[in-house]
Every structure is written in C-alpha cells, then in structure tokens.
Protein chains: 2
Amino acid sequence: MQVKGRIWIELAEQSMIGGGKAELLDKTAKLGSLRKAATEMQMSYRQAWYSINQMNTSAPEPLIILKRGGKEGGIAEITNYGKSILKRYKELQSTFQKFLSEQNNI
Amino acid sequence: MQVKGRIWIELAEQSMIGGGKAELLDKTAKLGSLRKAATEMQMSYRQAWYSINQMNTSAPEPLIILKRGGKEGGIAEITNYGKSILKRYKELQSTFQKFLSEQNNI
C-alpha cells in the first residue's frame, strides 16, 4: 500500500496553481515563449494560452506577461508575483514529496 | 493565498481509498449498515453498494462484509484488514492536516 497525494496553492477564489499550471508557468518563463513551452508540454498553443490567461485574470495579479511581436512571434515574461508564486510552489512540492516518502516509510 | 491538498492510500493498482470512500467505510462500520451509512452521506444505496463492492474486489482483501438478512435488512461488518486501513487513513489525514496548516503559516 502506498500513500499518494496532490497539493496546490489557491491564489484567490476560483484561482489555483497546481502541477500542470506550475509546469507551464515555469517552462514559459524559462523559454521566454508560450509557444515553445506548449510544444515541450505537448499541449496546443490554444490550450496553453487559455491556461495562462485564466491564471492571469483570476489571480490577484498577472503571473506572466505575453507580448506580441519579436522574431519568434511573441515574448513571455514572468512577473515578480509569478516568480514568488512559482518559488513558493516549488518549495511546497519538495516539502510535500518528503512528507509522502516519510508516510510511505511508516 | 492558501495551500490545499488531497491525500489517499493506494491499496493495489486500481484500488485506492481517499476521503469519500474512507468516510463511507467508517460510517458503514460504525452503523453496522450500508443503508444507514448511505442515507447519512446522502448517497443512493446503489452508489454506496457499488463503492464498497469496488473497494472489496480491487483491494488485496475485502474491507467490509455485507450480509443479507437481519431485522433491518442487511448487516455490515468491517474486517480486520478494513480496520487497519481505516486506522492508517485517519492517522494519515490528521498528519496531513497538520502539514497543511504548517504550510499555511509560513
């Protein structure tokens, strides 16, 4: 028998960031491009855009800014708020993984 | 912002016990009746029966034994295996709730 779980951060009512969204946010910030992040995650650009847009509009502040233009058709820039949420989420994930392995070693 | 999560125990492949099933198991054992447990949980008897049956057949051992007959039409008895799983799940839930409040106080 194995203990499993999932964890997420509620930023506001109707606004949460968990595994998939956090990964999309992270990759978009690192690659500076939503299109590249979507490709890496095998999502459609449309899905990825919808997901980022939903995060940005439902959270207290936007997490990532998408700008049109540029050589590769659009630049994505993470905000300070986005950075702080992502950092918090990563810490949380790692503490939670430790919690799960402790529980699985009881 | 608030940290939230969910936790469950995987008893075998395709077999897990989490919030709803644990509550049903607990109530059925306490009340000695699946019908009463279903009523308390505002589930149909059919749903409750299906859920218990699914747990019993997919887990390594049955968790609860349903017997026909008796004055109130059917008796439910938790097995030792069911008891141990339920105990483990309750401990886990309480440790996890502590974990969540700690995370929400950072």
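Visitor: How many bridges join S1(A) to strand S1 of chain B, and which way do the two strands run?

Guide: Nine bridges join them, and the strands, with S1 of chain B covering residues 2-12, run antiparallel. Strands count as paired if DSSP finds at least two bridges between them. This is a predicted model, where local features need pLDDT of at least 70, side-chain atom pairs count only at pLDDT 80 or more, and totals for chains, interfaces and linings use all residues. Residues are numbered from 1 along each chain as its sequence is written, chains are lettered from A and ligands numbered from 1 in the order in which they are written, and side-chain values use heavy atoms, with hydrogens and water left out.

Visitor: Which residue stands opposite Gly5(A) in S1(B)?

Guide: That's Ile7(B). Now look at Ile7(A): its bridge partner in S1(B) is Gly5(B).

Visitor: What is the general idea about side chains along a strand?

Guide: In a regular strand they alternate between the two faces of the sheet.

Visitor: Where else does S1(A) pair up, and how many bridges are there?

Guide: Within its own chain, S1(A) is joined to S2(A) by three bridges, again in an antiparallel run. One of the pairs is Glu10(A) with Met16(A) in S2(A). The two strands make a hairpin with two residues between them, and Gln14(A) in the turn has a positive phi of about 65°.

Visitor: What order do the elements of chain A follow?

Guide: Start at the N terminus and you'll read β-β-α-α-α-β-β-α. That gives four helices and four strands. Both kinds are DSSP runs numbered from the N terminus: helices are H or I with at least four residues, strands are E with at least two.

Visitor: How many residues are in contact between chain A and chain B?

Guide: Contact means heavy atoms within 4.5 Å. Here 20 residues of chain A touch 20 residues of chain B. Met1(A), Lys4(A) and Arg88(A) supply 29% of the area that chain A buries against chain B, more than any other three residues. The area buried between the chains is about 2000 Å², and carbon and sulfur atoms give 62% of it. Buried area is the accessible area (1.4 Å probe) that two parts lose on being put together, summed over both.

Visitor: How many salt bridges does the rule find across the interface?

Guide: First, the idea: side chains of opposite charge can pair when their charged atoms come close. The rule asks for a side-chain nitrogen of Lys or Arg within 4 Å of a carboxyl oxygen of Asp or Glu. It finds two across this interface. One of them links Lys4(A) with Glu10(B), at 3.3 Å from N to O. On chain A, strand S1 (2-12) and helix H4 (80-104) are the elements that give two or more residues to the side touching chain B. S1(A) gives the most, with ten residues.

Visitor: Why are Asp26(A) and Lys30(A) separated by about one helical turn?

Guide: Because they sit four residues apart in helix H1 (residues 19-31) of chain A.
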